[in-house]
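The following note is intended for a colleague who is meeting this structure for the first time.

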4 protein chains.
Amino acid sequence: MSRIAFIGLGIMGSPMAANLVKAGHTVTGYNLTQPAIDKLVADGGRAATSIAEAVAEAEVVITMVPADPQVEQVILGEGGVLENAKPGTLVIDMSSITPQTSIKVAEAAAAKGIRTLDAPVSGGEAGAIEAVLSIMVGGGAADFAEAKPLFDVLGTTVIHVGPAGAGQTVKAANQLIVAVNIQVVAEAVVFLENAGVDLQAALDVLAGGLAGSTVLNRKKANMVDRQFAPGFRIDLHHKDMGIVTAAARAVEAPLPVGSLVAQLVASARANGDGSLDHSALLRGVERLAGRKVN
Amino acid sequence: MSRIAFIGLGIMGSPMAANLVKAGHTVTGYNLTQPAIDKLVADGGRAATSIAEAVAEAEVVITMVPADPQVEQVILGEGGVLENAKPGTLVIDMSSITPQTSIKVAEAAAAKGIRTLDAPVSGGEAGAIEAVLSIMVGGGAADFAEAKPLFDVLGTTVIHVGPAGAGQTVKAANQLIVAVNIQVVAEAVVFLENAGVDLQAALDVLAGGLAGSTVLNRKKANMVDRQFAPGFRIDLHHKDMGIVTAAARAVEAPLPVGSLVAQLVASARANGDGSLDHSALLRGVERLAGRKVN
Amino acid sequence: MSRIAFIGLGIMGSPMAANLVKAGHTVTGYNLTQPAIDKLVADGGRAATSIAEAVAEAEVVITMVPADPQVEQVILGEGGVLENAKPGTLVIDMSSITPQTSIKVAEAAAAKGIRTLDAPVSGGEAGAIEAVLSIMVGGGAADFAEAKPLFDVLGTTVIHVGPAGAGQTVKAANQLIVAVNIQVVAEAVVFLENAGVDLQAALDVLAGGLAGSTVLNRKKANMVDRQFAPGFRIDLHHKDMGIVTAAARAVEAPLPVGSLVAQLVASARANGDGSLDHSALLRGVERLAGRKVN
Amino acid sequence: MSRIAFIGLGIMGSPMAANLVKAGHTVTGYNLTQPAIDKLVADGGRAATSIAEAVAEAEVVITMVPADPQVEQVILGEGGVLENAKPGTLVIDMSSITPQTSIKVAEAAAAKGIRTLDAPVSGGEAGAIEAVLSIMVGGGAADFAEAKPLFDVLGTTVIHVGPAGAGQTVKAANQLIVAVNIQVVAEAVVFLENAGVDLQAALDVLAGGLAGSTVLNRKKANMVDRQFAPGFRIDLHHKDMGIVTAAARAVEAPLPVGSLVAQLVASARANGDGSLDHSALLRGVERLAGRKVN
């Protein structure tokens, strides 16, 4: 059993920390707001009043925060993890950020004898609660092996995909493919409807052939019924498209289609659809088709 | 058992006609070249020396030809099906063409008391031989019901999706989604490789999550190994992208992403990749990334 | 002075025919509707009751009709120009159509000993009235030389750009560039406004540098004032984008940006902006930005 | 006459500083490398050994450095302009960077009683030498009025376009329009050539109509002759496309076409064309068309 510091007890972090407690680990949590810390204590964890206190005695530090600036602040910043963790500590950042920031964190940590993994997840709040996340891990093989039992507490698909940053790269690729797959299904839906086809029958046959996809299976009901309760919010996918376009640019990988879809995700948000499920990209195609969607 | 005229005994038509013979139907075939007719006779069918002769006594006429102009010629043209079939005949066009041409055929046929279905297929040569095609059918419900037993001889997924042209529309939507799903996986592959990620591990984890798709499952090995033996040729997908962009334009459905991918498919062909499997769209992304692909 | 048959006396054809009369030519006109013929007679021309009558004694036949199907019907169809014109006649089609149809017309005419030029124009109704059209001519050099004096009556920029179809190709390229130049200015306008920049000052400085264009000069006032009275209607530009994307596909020329803009033009039309000036592409960008434009 | 500190004496900064000296101002220069400082001294300026020394007695500080990080370092960083300039100093950043960084600089400066303008230029090395730059200025009206005489020494088009950041926004819009205008001309060129049109004649007629642009006028010879000596390098335009896509994202302005062209510019660079003139985007279209370009 490990002594774990858990920084960032939000929608994702809170159930993940609870699952680690349940598995028998000693989890000391820190969060910017107190109720989340109280929740962890109620779940059997311990409270810290600062990052410094949380990480002081930790063998493993897990961070789960919203975006690049928070990762930089929490890990690299004043009073942050690197200033306070002991040499040899394993810092696992499970936030979804740019691979470039993960690499920067890894290099800064290495200079202090601290080991890191980047381990973003997919599966959402439900996946966090039910401990069925997919976890894509970048970093050293030995560090991955050491962390594997912890990851297995949190998820069901846990894969080491390469060196520092690789976890983030795969997460970014995931979000890229998902957004494009949604967009093309949305284009197909409007095309089918405009042509007078029986949409439900059409999507069923499409799902059964080479056009089939997890997106089509899981999102076709949303699209047919125009029910866009999240699920995964467009606001978050917009953030992720920013990550993947920046990351691809950094490694000189062309995203002709991906960058266009990033614009369409941004447009959905600009049209007030940010809090809807990402399958609401359909509404953007409908607007282009001249339909009234509100 | 039905008396069937089968026009167009090519790579797809030949095994389909043979399967109908095997199921006990009387199949009279016509083709522009003799060897294909001889093959049908060897399979137990009958030979006709003209469309007129083939359709004269037929209850059902099936056409399976390359593209719109051949459908127009074979069905609407001089000496074609409509000139020679008896009123009441059911004409089933299983070619992949624009919905607009299918509608035109349906209207011309109706004027002569001839019934039609458009019933394009997916599944390729292997699907035709093994009788496991997906068949998307447009036309009247009663005509569909009448033809259903024949379709069941040829395929395993047989769905009535709407009025005349609807089968073609769904086939076009299928090809749209497939092309875009391939393209985005190709963009992801180059991104992952440029970032130094373990590609095989990454694609495995991607296939297991929301980014998963039949394209990813069936084509990831092609992409990892750069093995692009068809499968489904880019030349054919280029023809199909022409159909879907034209059909979408006709019904005022926007394809911002689809039309861009149509350009990339055309570019693949212009770069000499027309006879490769459509997963070779990867080579186009590699060219954009400055890699030498030949 | 020439004996000219003029087929198609619409918004463009009527003033062009009148200008030829004014220059001293004998112009016999035919149109589907009578008032346009009466107008030509009032302008000093002669009336014909059929294409056959119009072209019977003509040295030169000029056609100016809406699109490919009308050109095919008027020139190639039953009772059309090729059936009735004498061998040696010079047929000048000034409609804007696909280069492929112009080539087909040229080949059919050559088989009857009839010479052809494709000579689409730009400059709009005002250019036709004031005889300041730009005329892009495809066909034989000798035929161009023979027709040059007539073109000089109609326009101020008259250029021979290549063999049959070349005039249409250049016209298509013109419409391609214009649409894209408008679209990018529209993207810039929304960007500048969202960023709080003084739009008028910004467009003035942009117009003076490498970003300057005839589009920016002529359309910036429309955009600043949101005044979209045509001008050149989006409906017509939509037709032209259909021509250029089809023509480019036929010669395997990639239009990654052009095809995307064709989709945006189609979207403008689907949103009810078809009768506005093409500078109203700005409204499409505003919709993508979440602005209410109506 | 003003006491000016000039930080950044590169290809652009060096002739600009020299022109200010020539106009009678006292110019003290600082650069990371000594030869550029020696050059300024030879031109009649003064040398400083640090930013601190350069700005200590300055009324106006001009910075001209490559990109956002250098601006942040030189102005905001340790030992930088804000640490060393007197309250009331006017800091004019003439670098091309993101508007967001300009705004950040303006806010940091204001907190110290230092005034700022962002004043990026277009016109290139030749424009700097000949003092015919276009200068787009963001910031306060009074500060602009005060700086106007200095700008008039450096350029011929000097326009105040809005508050802090507005100069950068307009520069970004300029680069957006230029890149897209080049790209569409490149698409047109390949289309015209594939169709067998006389390219030179076609471009001449296009330049004379609504398709005309400064890009077409200045770059058509490059394209016809495939001579791509810069001019303005693709590497620099790639940097600028990064600025405009980031800036547009920040203000929620959609760039469907702009973002696609940004990908094509990046692709040109990935294909080794970074040091060519931006008109070499033609080579990217040729690659898509399957031509060998090397």
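This is a predicted model: local features need pLDDT of at least 70, side-chain atom pairs count only at pLDDT 80 or more; totals for chains, interfaces and linings use all residues.

1. Helices (H or I, at least four residues) and strands (E, at least two) are DSSP runs, numbered from the N terminus. In those terms, E130(C) sits in the loop that runs between α7 (124-129) and β8 (133-139) of chain C. E130(C) is exposed, at a relative accessible area of 55%; here buried means under 20% relative accessible area, exposed over 50%, and partly exposed in between (1.4 Å probe, protein chains only).

2. Residues are numbered from 1 along each chain as its sequence is written, chains are lettered from A and ligands numbered from 1 in the order in which they are written, and side-chain values use heavy atoms, with hydrogens and water left out.

3. How many residues of chain A are in contact with chain B? There are 61 on chain A, and they meet 60 residues of chain B, contact being heavy atoms within 4.5 Å. About 5000 Å² is buried between chain A and chain B, with 77% of it on carbon and sulfur atoms. Buried area is the accessible area (1.4 Å probe) that two parts lose on being put together, summed over both.

4. Between chain A and chain B the count of salt bridges is 0, a salt bridge being a side-chain nitrogen of Lys or Arg within 4 Å of a carboxyl oxygen of Asp or Glu. The interface of chain A and chain B does hold 14 residue pairs in polar contact, both residues at pLDDT 80 or more. A polar contact is a pair of N or O atoms within 3.5 Å; within protein, one must be able to donate a hydrogen and the other to accept it, and residues adjacent in sequence count only if both atoms are side-chain atoms.

5. Several elements of chain A give two or more residues to the side that touches chain B, among them β9 (155-162), α9 (166-194) and α12 (234-250). The greatest share comes from α9(A), with 20 residues. By class, the residues on this side of chain A are 42 nonpolar, 14 polar and 5 charged. Ala, Val, Leu, Ile, Met, Phe, Trp, Tyr, Cys and Pro count as nonpolar, Asp, Glu, Lys and Arg as charged, and the others, Gly among them, as polar.

6. The contact between chain C and chain B takes 15 residues from chain C and 15 residues from chain B. The area buried there is about 1200 Å², of which 47% comes from carbon and sulfur atoms. R249(C), E252(C) and Q263(C) supply 45% of the area that chain C buries against chain B, more than any other three residues.

7. Chain C and chain B share 2 salt bridges. E252(B) forms a salt bridge with R269(C), with the closest N and O atoms 3.1 Å apart. The interface of chain C and chain B also has 6 residue pairs in polar contact, both at pLDDT 80 or more. On the side of chain C that touches chain B, α12 (234-250) and α13 (256-270) of chain C each supply at least two residues, and α13(C) gives the most, with 6 residues.

8. Over all chains the structure holds 68 salt bridges. In chain B, K220(B) pairs with D204(B) at 3.0 Å between the closest N and O atoms. K220(B) is buried at 17% relative accessibility, whereas D204(B) is partly exposed at 37%. In chain A, a network of salt bridges links E193(A), R226(A), E286(A) and R291(A).
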